[in-house]
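Reader: Could we go through this one together? I'd like to start with a helix and what surrounds it.

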Amino acid sequence: MSDKITAKNEVDKGEGAMNNFSGNPEFIDILEKSYSRRQMLQGSLGVAIAGMLGASGVASAMVEDEDVSDENSVAARQRRPFIKNPVLGFDAIPVTRSDTVTVPKGYRVQAFIPWGTPILGNYPAYKADGSNTGLDQEQQVGSHHDGMHYFPIDYKAGGYSSKEGLLCVNHEYIDPDVINPNGMTIVDKKRANADEVRKEIAAHGVSIVHIKLNENTKNWEVVPGSRFNRRITAETLMEIRGPVRGHDLVKTQFSPSGTRTRGTINNCAHGYTPWGTYLTCEENWPEYFFCPDPQPREHSRQGVSKVPTLDAGRYGWETVSGDADRNQRYSRFDATPKGADATKDYRNEPNCFGWVVEIDPFTPGSLPKKRTALGRFRHEGCWLSPPQLNQPIVYYSGDDARNEYIYKFVSKGVYTENATGDLLDEGTLYAAKFNEDGTGVWLPLDINHPDFKAAMAAKNVTFKDQAEVLVNARLAADIMGATKMDRPEWGTVHPQTREVFMTMTNNTRTSTTDPGTRAVNPRFPNPNGHIVQWREANNKPWATSFTWEIFMFCGLAKDGGQILPDHNGPKLTADNICASPDGLWFDDNGILWIQTDMSGNQQGSGPFGNNQMLAANPWTGEVKRFLVGPMDQEVTGVVTTPDGKYMFVNMQHPGDRSTPGKFTSNWPDSGNVFSTPGNVPPLNINPNGPRPRSATIVISREDGGVIGL
């Protein structure tokens, strides 16, 4: 996802430096060879399961695998009429470059809970000049909205209200030039204003907002004074759970027992659990920390900065002076060993990040829990396969960096109606290996597994225990021979077939240590990205093997299938050209929503316009552009109310090339929140006008119908 500061003008931003120099196979090598046998996989979505996903989003039936040799035939389609085959009932909108949200005719958009919206405490008003304090920000909606989930207010009682609920919203990072009146105050390469840093820390994390539909205006509103309204920030107390709890690698001066830590940062995509909790995922967290050489492997393999973070293009929180109180609330981001052991400093603070964090939105004041069994890396998100009673819970994750891996977690225990988050504390973490014949296997990152023991011996790499394996999940995947992927970002699981889709955003670089290494994608250079799909053996999410194919190549119309002519995926036209796919989500009607995250020159000019969201029917291959966002933003995060009539989508970092007094977007406070084709206002940015603010938009149909149909 986005990271303006570390890569302001790059196409493949947000992933930090490439840190995978293993000799593992790359996806491009596998893909080229696999296409001679693609007929075995063509149209694999045709292999259906009989159950329909219920309104809960967690119930479906399953059947065993079947003969798929003719699954593209008319007869095969007629045999399976129950496959969700949504009709995209809107006219595709053109690419635009305007400072407004553009949607199809017949739709309307509400700008909702922008950065700075007060939600708790004394409800401090947002100040347009950026002068809100750190204390104010701790009571306001955070910045750079990303992944999110809507929980019906009556979910715990078995209901599915589409008029009232809890909206959990991630806040990935901040633009100091926008969040502060005049950017960062720096003196002698140090942050000189501690309250600026307090505000920046408070703008990270998660907002939990109790929202309700005003049935008169058809607009959504924050429920003031609700006990559910809550801010979780980069300083909130959290519990470490799972195999890493209490381990030497997470002991710090703040928590000598290694059982607690503070905060969650760079919260990108998300997940949810069937027992009604929210999962927030820590992505580009390594750049927040400083640790000079020699670095331990758990820092170097993750890309922790070797120079002060201000020099590395980050925020320099560790440089604030005078924070000896509260156990170095800011200087803890300096992981330099300073004391006699780890309990006397913060050398292990980076090890407390890179996890999936579980939050109970229905229990105010509950401690968020870092679920370490799911592994430590740059978690883009955490996507649930529809669970089945008395079977393991399964989650998929992508590690958003060049040449990194796709992971799967399979719980040791089984899902029951009384399941809790404790189910996430034991299980097996796997990394994916893609074979050239269109098959793949899941490689166990389990210190007790014979294959893992053999790999350690062969690579001369050792781990003391499973906790070390999980802290060093990337290294564990290296030695097992996982396939290097092209920045795996968001994933989603089809509500009927359980087929998994994951975006490979882009990649324009090769390994710096091996000139012969090619990019980990089917096209090189590949600034436009693609989407991979796979299906688990026998349709069982906990299986250890799968079959795979490419669902979509992104780019211009001439690029669709250009390199691989026998590709039968969606064809690119003026209605759906796009680049850098990122966010993905299946709604209950079987529509695959695809969001883009272009940056740098690709975002600022060229044929694709501003970042967009498209709707796809995976069964027919039809893809239409549904939404285009304002200037310099990323379209990210999407969910609907259970009835499908209100869709929440995030506009992250509009105007992300702004500097103080030179804003490159005035959205959403400019007055032009949205437009429709034929009525798009000309681009007219006032550099001294309203500060751009990340916000959630609420999309609805004027006729009250279901979104997309």
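Reader: What follows H5, and what is its phi like?
Author: H5 is followed by Gly-205, which has a positive phi, near 100 degrees. Helices here are DSSP runs of H or I with at least four residues, strands are runs of E with at least two, and both are numbered from the N terminus. Bear in mind that this is a predicted model, in which local features need pLDDT of at least 70, side-chain atom pairs count only at pLDDT 80 or more, and totals for chains, interfaces and linings use all residues. Residues are numbered from 1 along each chain as its sequence is written, and side-chain values use heavy atoms, with hydrogens and water left out.

Reader: And at the other end, which residue caps the N-terminal end of H5?
Author: That is Asn-193, with a side-chain oxygen 3.0 Å from the backbone nitrogen of Asp-195.

Reader: Is H5 mostly covered or mostly open?
Author: Helix H5, residues 194–203, is mostly covered, with seven of its 10 residues buried, where buried means under 20% relative accessible area with a 1.4 Å probe, protein chains only. The buried ones are Glu-196, Val-197, Lys-199, Glu-200, Ile-201, Ala-202 and Ala-203.

Reader: What do they pack against?
Author: Their partners include helix H3 (134–137), helix H4 (176–179), strand S4 (164–171) and strand S7 (205–214); contact here means heavy atoms within 4.5 Å.

Reader: Switching topic, where does Asp-425 lie?
Author: Asp-425 is in the loop between strand S19 (406–414) and strand S20 (427–434).

Reader: Why does Asp-425 count as buried?
Author: Because its relative accessibility is 11%.

Reader: Which side chain is joined to that of Asp-425 by a polar contact?
Author: The side chain of Arg-371, at 2.8 Å. A polar contact is a pair of N or O atoms within 3.5 Å; within protein, one must be able to donate a hydrogen and the other to accept it, and residues adjacent in sequence count only if both atoms are side-chain atoms. Leaving aside residues up to four places away in sequence, Asp-425 touches Arg-241, Gly-242, Pro-243, Arg-371 and Ala-373.

Reader: How many residues does the largest nonpolar core have?
Author: It has 68 residues, and Ile-265, Tyr-407, Leu-445, Phe-452 and Phe-463 have the most contacts inside it; such a core is a set of buried Ala, Val, Leu, Ile, Met, Phe, Trp, Tyr and Cys residues joined through side-chain atoms within 4.5 Å. Helix H9 (residues 473–480) gives the largest share of this core, six residues.

Notes:
Buried means under 20% relative accessible area, exposed over 50%, partly exposed in between (1.4 Å probe, protein chains only).
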